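Please open the structure in your viewer and keep the sequence at hand.

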Amino acid sequence: MGRELRKPGFKGATKVSGDVVRGTPRSTEAEALPSTEAATSDAEPAEATGLRADGLFVSYGGVKAVTNVSLAVQPGQIVGLIGPNGAGKTSMIDALSGFAPHTGSVTLGGGVLDGVGPAGRARLGLVRTWQSADLFRDLTLIDGLRVAASQTKVGGSGAWSSMKSRRERSQSDDARLLQLLEMLGIDHLKDRWPDELPLGQRKVASVARALACNPKFILLDEPAAGLDPPETAEFALRLRQVAHSGTGLLLVEHDMSLVMSVCSRVVVMSAGAVIAQGTPLEIQADQRVLDAYLGA
Ligand SMILES: Nc1ncnc2c1ncn2[C@@H]1O[C@H](COP(=O)(O)OP(=O)(O)OP(=O)(O)O)[C@@H](O)[C@H]1O
Ligand SMILES: [Mg+2]
């Protein structure tokens with residue numbers, strides 16, 4: 001398969017490929033998260049509020065897709081995860097979200113997620129989007145958001161339930177979902193079907209679907225692929241708004257103009273390993289990063 005040469009600082013052509021759900025979570029979901037003090041590493045300071053990966057490894061047979069990768073995202077922060085095609089970025093998202101078997105540790109707000117499957121991680125506030133902009137094909141956008149919101153709703157028997165009627169709850173849920181679509185600038189598409197929309201709008205809709213789950217952190221796999229430059233600039237504003245509301249974002253993206261404009265930190269992977277991390281300015285000037293892209 002041909003590789004694309006994309007140099008940091010340049011907006012390269014974006015690439016989208018179909019995603020495969022690789023393997024099953026390595027263990028069943030735990031109901032409760034034990035707290036941990038083991039989630040420390042030499043890579044980042046321990047933070048009780050953040051999302052952390054410590055020493056993650058992902059392999060597919062003999063292919064080592066991720067080798068000893070550690071990273072951290074704080075609430076309200078946008079961290080970029082970049083690297084040439086095949087670097088292991090999607091595999092990292094697969095591992096963090098519980099879709100790929102992995103070793104190493106993932107913690108959320110100080111709680112260990114190891115052993116918690118994708119649905120459990122989503123309920124705890126960690127959701128992802130897919131490189132292929134996976135949406136419910138037989139549902140309109142707003143219905144898809146309703147389903148996503150209901151899938152991750154915790155409980156149903158608390159004070160919220162007893163104080164409000166079912167109808168009141170669904171009205172206020174709908175108002176929230178419409179606000180999400182407005183925030184992402186796609187509220188006019190709420191009654192459209194995914195197949196009617198161009199890829200760029202489907203990818204933005206997949207971000208809305210992730211937000212419908214009321215997440216603490218979202219792992220975004222090439223959300224701007226398919227957007228033209230003005231749309232990407234608009235999308236950057238939307239991502240900042242999402243972060244401003246307190247949600248932490250891990251942004252996998254080939255569009256360097258987007259990464260460099262919205263991320264406070266950038267982690268660079270190549271051949272499964274982290275080769276550099278720092279501010280966007282530091283990354284753009286890093287010779288190891290330039291070499292990795294030029295040699296890809
Ligand atoms: N299901 C799989 N089976 C075998 N190998 C896989 C599988 N999925 C990914 N790989 C391999 O793992 C490595 C990392 O792939 P991954 O998709 O994580 O890279 P990526 O950084 O997301 O690339 P891209 O920018 O092209 O999306 C690659 O060598 C890839 O070929
Ligand atoms: Mg990928």
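Select the entire chain, which is a predicted model. The chain contains 10 helices and 10 strands. Of its 296 residues, 41% are buried. Among contacts with a separation of 6 or more, 72% join residues 24 or more positions apart.

Next, select Asn214, in the loop between helix 6 (199-212) and strand 7 (217-221). Asn214 is not a glycine, yet its phi is positive, about 60°. It has 18 C-beta neighbours inside 10 Å and therefore counts as partly exposed.

Proceed to Glu222, located in the loop between strand 7 and helix 7 (229-244). Glu222 also has a positive phi, about 55°, although it is not a glycine. Is Glu222 buried or exposed? Because 25 C-beta neighbours lie inside 10 Å, Glu222 counts as buried.

Now select helix 7. Its 16 residues should span 22 Å at 1.5 Å a residue, and the 23 Å between its end C-alpha atoms agrees with this. Colour Thr232, Phe235, Leu239, Val242 and Ala243, the buried residues of helix 7. Viewed down the helix axis, these buried residues fall within an arc of 90°, so they line one face of helix 7. Pro230, Leu237, Gln241 and His244 are exposed on the other side of helix 7.

To see what covers the buried residues of helix 7, display elements including strand 3 (78-82), helix 6, strand 8 (248-252) and helix 8 (256-262).

Finally, select Gly246, which follows helix 7 and has a positive phi near 110°.

Methods. Residues numbered from 1 in each chain as written. Chains lettered and ligands numbered in written order. Predicted model: local features only at pLDDT ≥ 70, side-chain atom pairs only at ≥ 80, totals over all residues. Helix = DSSP H or I, 4+ residues; strand = E, 2+ residues; numbered from the N terminus. Buried ≥ 20, exposed ≤ 12 C-beta atoms within 10 Å, placed from the backbone. Contact = placed C-beta atoms within 7 Å. Expected span 1.5 Å × (residues − 1). Arc of directions from axis to C-beta.
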